[in-house]
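Visitor: Hi! Could you walk me through this one? I'm new to reading structures.

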Amino acid sequence: MSPYRLEHYFREARATVKDLPEGFRFHDFRHYFASLLTAQGLDVKVVQKNLRHSSAKTTLDTYGRMWPDKEESARAAVAKVLGERLNSRSEQRA
């Protein structure tokens with residue numbers, strides 16, 4: 001089926017769906033799918049593969065803002081590792 005034909009049928013079906021945002025397009029399902037994947041914490045390579053992007057750069061350029069901020073998680077991970085190493089060295093000395 002051609003993209004034009006698919007869009008035509010989608011417009012017909014859209015008219016029957018209550019509370020659908022004005023101007024909602026079939027392509028918007030793709031963005032919704034990407035947001036679901038990122039919200040579940042999937043990494044960029046998995047999202048890239050599912051969206052059939054040619055590169056992770058394309059995925060990040062388009063959807064990078066959707067990934068949650070991991071700065072605090074990164075700081076906590078480093079603090080945990082350093083704390084464990086410090087405790088391990090203290091125990092070795094005792």
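Guide: Happy to! A term to start with: contact means heavy atoms within 4.5 Å. With that cut-off, and leaving aside neighbours within four places in sequence, threonine 38 is in contact with Val47, Met66, Trp67 and Pro68. This is a predicted model, where local features need pLDDT of at least 70, side-chain atom pairs count only at pLDDT 80 or more, and totals for chains, interfaces and linings use all residues. Residues are numbered from 1 along each chain as its sequence is written, and side-chain values use heavy atoms, with hydrogens and water left out.

Visitor: Is threonine 38 buried or exposed?

Guide: Threonine 38 is buried, with a relative accessible area of 1%. Buried means under 20% relative accessible area, exposed means over 50%, and partly exposed is in between (1.4 Å probe, protein chains only). Threonine 38 sits in helix H2.

Visitor: How many helices and strands are there in the protein chain?

Guide: The protein chain has five helices and zero strands. Helices (H or I, at least four residues) and strands (E, at least two) are DSSP runs, numbered from the N terminus.

Visitor: And what is the radius of gyration of the protein chain?

Guide: The radius of gyration is 22 Å, well over the 12 Å that the globule rule gives for 94 residues, so the chain is more spread out than a compact globule. That radius is taken over C-alpha atoms, and the globule rule is 2.2 Å times the number of residues to the power 0.38. Along its principal axes, the C-alpha trace spans about 75 × 30 × 15 Å. Buried residues make up 17% of the 94 residues.

Visitor: New topic: how many salt bridges does a search of the whole structure find?

Guide: The search finds four. A salt bridge is a side-chain nitrogen of Lys or Arg within 4 Å of a carboxyl oxygen of Asp or Glu. One of them joins aspartate 28 to arginine 25, with the closest N and O atoms 2.8 Å apart.

Visitor: Where do aspartate 61 and lysine 57 lie?

Guide: Both are in helix H4 (residues 56-63), four residues apart, about one turn of the helix. Aspartate 61 is exposed at 56% relative accessible area, and lysine 57 is exposed at 56% too.

Visitor: What about the pair in helix H5, lysine 80 and glutamate 84?

Guide: Their side chains meet in a salt bridge of 3.8 Å, N to O. Lysine 80 and glutamate 84 are four residues apart in helix H5 (residues 71-93), which means about one helical turn separates them. Lysine 80 is exposed at 55%, while glutamate 84 is partly exposed at 45%.

Visitor: Switching to the backbone: what is phi of aspartate 19 near?

Guide: Phi of aspartate 19 is near 65 degrees, a positive value in a residue other than glycine. Most residues other than glycine have a negative phi. Aspartate 19 is in the loop between helix H1 (3-14) and helix H2 (28-39), and is exposed at 68% relative accessible area.

Visitor: And what is phi of arginine 52 near?

Guide: Near 60 degrees, again a positive value in a residue other than glycine. Arginine 52 is in the loop between helix H3 (44-51) and H4, where arginine 52 counts as exposed at 76%.
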